[in-house]
Amino acid sequence: MKDFKALQQQYEIDVYPMRDVVFVKGKNSRLWDDKGNEYIDLSSGISVANIGHSNEKVAQAIAEQARTLITCANTFYNDKKALFLEKLFSVAPKNLKKAFLTNSGAEAVEAAIKFARFTTKKKNFIAAMKGFHGRTMGALSATFKKEYREAFEPLVPGFSFVPYNNFEKLAEAVDDDTAGIILEVVQGEGGINIGDREYFQKVRELCDEKNILLIIDEIQTGFCRTGKMFAIEHYGIEADMMTLAKSIAGGFPMGALLCSGKIQIERGKHGSTFGGNPLACAAGIAAIDFMVEYKLWEESAAKGKYFREKLEARQLSKVREIRQIGLMIGIELKEKVQPYIVELLSLGVVTLPAGTTVLRLLPPLTIDYADLDAAVEKITAVLA
Ligand SMILES: *Cc1c(COP(=O)(O)O)cnc(C)c1O
């Protein structure tokens with residue numbers, strides 16, 4: 001057998017904090033490494049495999065579409081794109097009317113930044129401390145973490161950061177040139193920080209008052225992760241633009257920017273070669289169909305509550321707080337999280353960090369209760 005790890009180390013640019021496993025196969029909430037070891041996946045490839053790894057319906061749709069039409073220039077109409085858009089808007093918040101399709105989350109954020117400036121003719125943006133919106137220059141400009149930004153400045157000018165969930169500080173940061181406010185309703189990378197309902201309602205009012213566009217980043221929270229199809233449904237507000245990606249197409253690379261009727265852009269002012277290609281759209285149709293067929297938001301809500309209650313009952317000594325909404329779970333530790341992630345991996349459980357002290361769990365929403373029980377046992381073993 002080839003040494004895959006050595007090959008990758010030889011040829012891949014070293015930007016990822018690597019973990020010492022070679023995954024070769026996945027099915028639902030299980031992953032297998034090249035030595036045949038089996039793992040319970042509580043990460044979903046960072047909330048990508050919401051409908052399980054190698055979902056059969058998505059696999060079939062991709063295989064069929066691959067034999068039919070893989071690529072189609074965006075200057076032509078395409079049957080799969082038309083059907084995907086219809087499907088997407090059948091589940092999207094009703095005030096959102098049109099989409100720009102991309103291949104990733106960061107690209108959706110880039111589009112939001114451009115469309116906001118074009119629509120409002122204003123320049124500035126406000127984002128939240130601990131917020132994460134991607135790694136390209138525009139998306140990075142909206143991302144808080146200094147270590148991600150510092151070496152690449154100057155970034156896109158006009159971005160400022162305010163404490164999350166603090167309306168006064170946000171209102172103070174607004175000026176006459178504020179085009180948009182970009183926020184996650186639940187901060188993912190930032191540590192599973194759940195936004196307050198009143199905060200978001202006030203932010204919405206402020207945006208209406210000052211003619212500012214509210215951009216909600218649902219790249220991690222979307223598609224049933226939090227117990228609703230979209231997390232914004234917990235908040236009783238409307239976004240002017242919503243960014244989507246990660247689990248939108250069952251693991252196939254895809255993203256989307258959804259826009260309300262307020263948003264303006266002109267022909268020729270934006271575009272993408274691959275965005276909304278037939279293969280991605282076929283995968284997206286199958287993925288959304290699966291979510292609706294199995295009412296996956298209900299699974300997510302019920303399993304998240306079950307998991308949290310079981311874990312809380314263990315009264316783990318190393319845990320400061322558990323934050324949970326659907327199957328988006330943050331276990332805040334009293335110490336650094338990294339050693340526990342390594343230990344859990346050696347016990348066959350794949351988890352994620354969020355910041356330095358939060359153990360982040362984003363299992364496939366299709367995970368069965370037996371796997372959740374097994375995960376609780378393993379987590380208890382390392383955190384008791
Ligand atoms: C992952 C993520 C992004 C970036 O998406 P990419 O597909 O990696 O570009 C942006 N925003 C949030 C909230 C994310 O979780």
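The legends below describe close-up views of one predicted model.

Residues are numbered from 1 along each chain as its sequence is written, and side-chain values use heavy atoms, without hydrogens or water. In this predicted model, local features need pLDDT of at least 70 and side-chain atom pairs count only at pLDDT 80 or more, while totals for chains, interfaces and linings use all residues.

**View 1. The shell around the ligand.**

View 2. A ligand oxygen is 2.8 Å from a polar backbone atom of G105. A ligand nitrogen is 2.7 Å from an N or O atom in the side chain of D217. At Q220, an N or O atom of the side chain is 2.8 Å from an oxygen atom of the ligand. On its own the ligand has 390 Å² of accessible area, and the protein covers 81% of this (Shrake-Rupley method, 1.4 Å probe; for residues, only the protein chains shown count as cover).

**View 3. H53 in a loop.** H53 is found between helix 2 (44-47) and helix 3 (56-66) (helices are DSSP runs of H or I, at least four residues, numbered from the N terminus). Is H53 buried or exposed? H53 counts as buried because its relative accessibility is 15% (buried is under 20%, exposed over 50%, partly exposed in between, with a 1.4 Å probe and protein chains only). The H53 side chain makes a polar contact with the side chain of D41 at 2.6 Å. Such a contact is a pair of N or O atoms within 3.5 Å; within protein, one must be able to donate a hydrogen and the other to accept it, and residues adjacent in sequence count only if both atoms are side-chain atoms.

**View 4. S346 in helix 12.** Helix 12 covers residues 338-346 and contains S346. S346 has 60% relative accessibility, so it counts as exposed. Its side chain reaches the backbone oxygen of E343 at 2.6 Å. S346 and V21 are 325 residues apart along the chain, yet their C-alpha atoms are separated by 9.6 Å.

**View 5. F4 in helix 1.** F4 is found in helix 1, residues 4-11. With a relative accessible area of 32%, F4 is partly exposed.

Notes. Helix = DSSP H or I, 4+ residues; strand = E, 2+ residues; numbered from the N terminus.
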